[in-house]
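Hi,

Here is the structure I promised to pass on.

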Amino acid sequence: MKNENRLIEEAPPSVLEKFVSQLNNPFTFVLFAAAAISLLLSEYSDVIVILAVVIFNGVFGVIQEGKAEHALAALKKMTSPTALIRKGGTVRRVPAVSLEPGDVVLLEAGDQVPADIQLTEASHLAVEESALTGESLPVHKSAGQSVFMSTLITDGRGEGVVTKIGMDTEIGKIAALIHKSESSQTPLQKRLGKLGKSLSILALVLCALLFALALAMGRDVPEMLVTAISLAVAAVPEGLPAIVTIVLAIGVSRLASAGTIVRKMPSVETLGSVSVVCSDKTGTLTQNRMTVTAYYENGKITSASERKPSRLLDGFVLCNNAILAGRQRIGDPTELALLDWAASHKVYKEALEIRYPRVDEQPFSSEARRMATRHKKNGRLISYIKGASDVVLAKCTELASYGSVKPLTASARRTIEQAVETMSGEGLRVLALAEDNVFLGLVGMKDPVRPESLPAIRRFREAGIQTVMITGDHKNTAFSIAKELELADQPSQCLTGEELDRLSDEELEQKITNCRVFARVSPGHKVRIVKAFQKSGHLAAMTGDGVNDAPSLKTADIGIAMGKCGTDVAKGAADMILTDDNFATIEKAIAGGRGIYENIRKSVLFLLSSNFGEIMTMFTAVAAGLAVPLQAIHILWVNLITDSLPALALGMDKNEDALLMHDPPRDPEESLMAHGGWFCTCFYGFLIAGISLFAFLMLPVLMLRQMDMELTLGNLRVALETPAVLARAQTYAFTTLGVSQLFHAIGMRNQRKSIFEMNHLQNPMMFLALFLGLGLQAAVTEIPVLIRIFGTAPLALHEWGFLLALSAVPLFAHQLLLLRKSGKKKG
Ligand code: ATP
């Protein structure tokens, strides 16, 4: 195998190990106990069916787990690191795994070092080496020193040659340090795991109770053992853990195809509870396609396309780290815009750099809001500073005006500030330029908003989610764009970083609910903003892309990193990554998160109500001293075959977005049973038990009628003692139970809509589940081998007709409940 630049991970468990781990749950133990007792009682067909079910469940689990892993591996690939290399005179981005010793790699703040690299160049380079040394304070590195794989560049820029790759690197040598993956169970999964355990215990208690009851009533011990087992099987929702895992996996891969990569599973649930989204402006709400539209020089604002400025171009081009060569565009869009503008006036960076070689630089940072370079010019050194106007102006003492240099008086300063106000008031990003301490001029660039942003913001508003803009830009620029996006309509809704610094935490907390725009803030402010929102009762999502955004991404309930222009550091700290950096994708993610939760809720309620129906059917009959309406294998069949399919279909339901985004965010503490969950479980449980018992007793009652015998429990008991009658009565109950749950699932898709209003084409899986379920249910009553195994009786057409009609009762109930609800609303 070719030596690739990657760290070898732990070998994944074998298929057999996976299978065994699938079986390792309380549900399976109950089933094994049932099989063992059936074996003792020589009920061989029961033993076979129970074991078959266990194996089926295990295999199904392994396959689904495999699929989920596959989906996650694909996601991992999408987020795998890349490296910028210089080869044959060009710079390009390649996957980090393809690096080889000798490659020349460019490094900048925010990168994760892709291999062990010896630096040939370094400018203010700082590296955080905690992955290797445990020390989290960054260390400065200069040319000649090495940087190591998996460490993080926190500041500056550098270039170097790859010396070691993959397992030969320093980090590769200490493989033991490589983090194991964190537990990826969501809080909901954990809560459901607990629920499963309690249900298993409940099952055992029920069995013991029933067994004791039967003994006290003097009934046949082996028969009651079998019954107790059946009841235990009925009480345990065997399919539940598998269904939840699958729904999550499907949901997560759906989110990925919509542009959101989930890094931390639990955040999928948190998504549905987000009540405020703090979004970066540049590139997320706007397109990050900057174009210079105006400049200010010699006291005048001029349109950029009109005339060539006299002194601005050289400085903006030299104090610039972007690369523009033919179709190659690498670097910050702000800087690329400056190069485009210069190129339109035939000023090119390569040529200028040969004439005025760069000797030093201070790279741009969001905190400093400026960048500076030093160049050799005609035998002397000059420096350029470009950056936010206030920062640059603060460094200037003089002013260039029509070829001469004048002192920068207070009134000249005001004139410049006036120009900044005018340009930023039009939504332009304003950058100033100075040579040494001489102010040269301003440039204004337009960054159009993304067309998808406004509709997404409106939908958020409808869904009770507030959108807040965070930007390093000038207050005016930010407010003008916020107005366009309907985020703010009064300047009082904007807060600047400076104002923020003057507020105490308590004051900020009070003020924050009215704030929609945070301007001139640095990443350090973001943590305070998130915390203030959280304190005031919000669940906050926050976007980020830079090195210094990592703390706020971690503090936010959902940290969202940008996939395209985000740094490795931000991605590493985030809960999810937007592949297209687009604000509208956050909206899709939140709708998706709400949908996943809703789907889990629907399948869980469906399974619980079905199980409750089974328990009630069994318990009522046995407590009345009647024969069991369902054998253990009938219940297993329903739980694992006819129940699983519709539960899965419910879990994959494409909820109509409009419906999901109408409700306010969900309280994160809310139980799955909230909003009528218990009612749904009990109501449909009783209903299903009622019709199943009705089906079970139909035949003996008719017989008693025909024989003119009195309708007493004792007589019913006797009538059910005839094996042929019992088999047919059980088949009725079994069929009704199985089919009614299939129908029940259709209604469960949407408890607020009539089945005639639902768009059934949106869930083709449900059709499949319905027809497959009906087919399988028919198979056990019509195919001779299965009849023998299940102890059923073949049914005539009219019997099928009647049982189907009876099974549709849950759907009638669904319609009736809706009528009552709408009646209440009107009343
Ligand atoms: P966000 O992405 O959070 O919306 P932003 O991109 O608007 O933030 P920054 O990139 O931190 O904010 O820029 C803040 C300010 O720094 C800008 O308003 C501009 O004046 C200045 N600035 C931006 N890019 C550069 C650069 N490459 N060189 C010099 N100054 C810059």
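A residue counts as buried here when its relative accessible area is under 20%. Keep in mind that this is a predicted model. By that cut-off, K141 and E129 are both buried, and their side chains form a salt bridge with N and O 2.9 Å apart. K141 sits in the loop between β5 and β6, while E129 is in the loop between β4 and α4, 12 residues away.

The whole structure has 22 salt bridges.

- D103 and K87 come within 3.8 Å, taking the closest N and O atoms. D103 is buried at 11% relative accessibility, whereas K87 is partly exposed at 44%.
- R311 and E435 meet at 3.2 Å, N to O. R311 is in the loop between β11 and α11 and E435 is in strand β19, so this bridge ties together parts 124 residues apart in sequence. E435 is buried at 9%, and R311 is partly exposed at 32%.

There is also a network: R157, R358 and E361 are joined by salt bridges that share partners.

On to the second largest pocket, which has a volume of about 990 Å³. Its lining takes in 38 residues, with E598, R601, D663, H675 and R752 nearest the centre. Helices α23, α26, α27 and α33 each give two or more residues to that lining, and α33 gives the most, with six. What is the lining made of, by class? It has 17 charged, 12 nonpolar and nine polar residues.

Cheers

Key
Residues are numbered from 1 along each chain as its sequence is written. This is a predicted model: local features need pLDDT of at least 70, side-chain atom pairs count only at pLDDT 80 or more; totals for chains, interfaces and linings use all residues. Side-chain values use heavy atoms; hydrogens and water are left out. On a 1 Å grid over the protein atoms alone, a cavity is a set of points where a 1.4 Å probe fits but cannot get out, and a pocket is an open set with protein on both sides within 12 Å along at least five of seven lines; lining residues have an atom within 4 Å of a point. Grid points are joined across faces, edges and corners, and a volume is the space filled by probe spheres set on the points. Helices (H or I, at least four residues) and strands (E, at least two) are DSSP runs, numbered from the N terminus. Ala, Val, Leu, Ile, Met, Phe, Trp, Tyr, Cys and Pro count as nonpolar, Asp, Glu, Lys and Arg as charged, and the others, Gly among them, as polar. A salt bridge is a side-chain nitrogen of Lys or Arg within 4 Å of a carboxyl oxygen of Asp or Glu. Buried means under 20% relative accessible area, exposed over 50%, partly exposed in between (1.4 Å probe, protein chains only).
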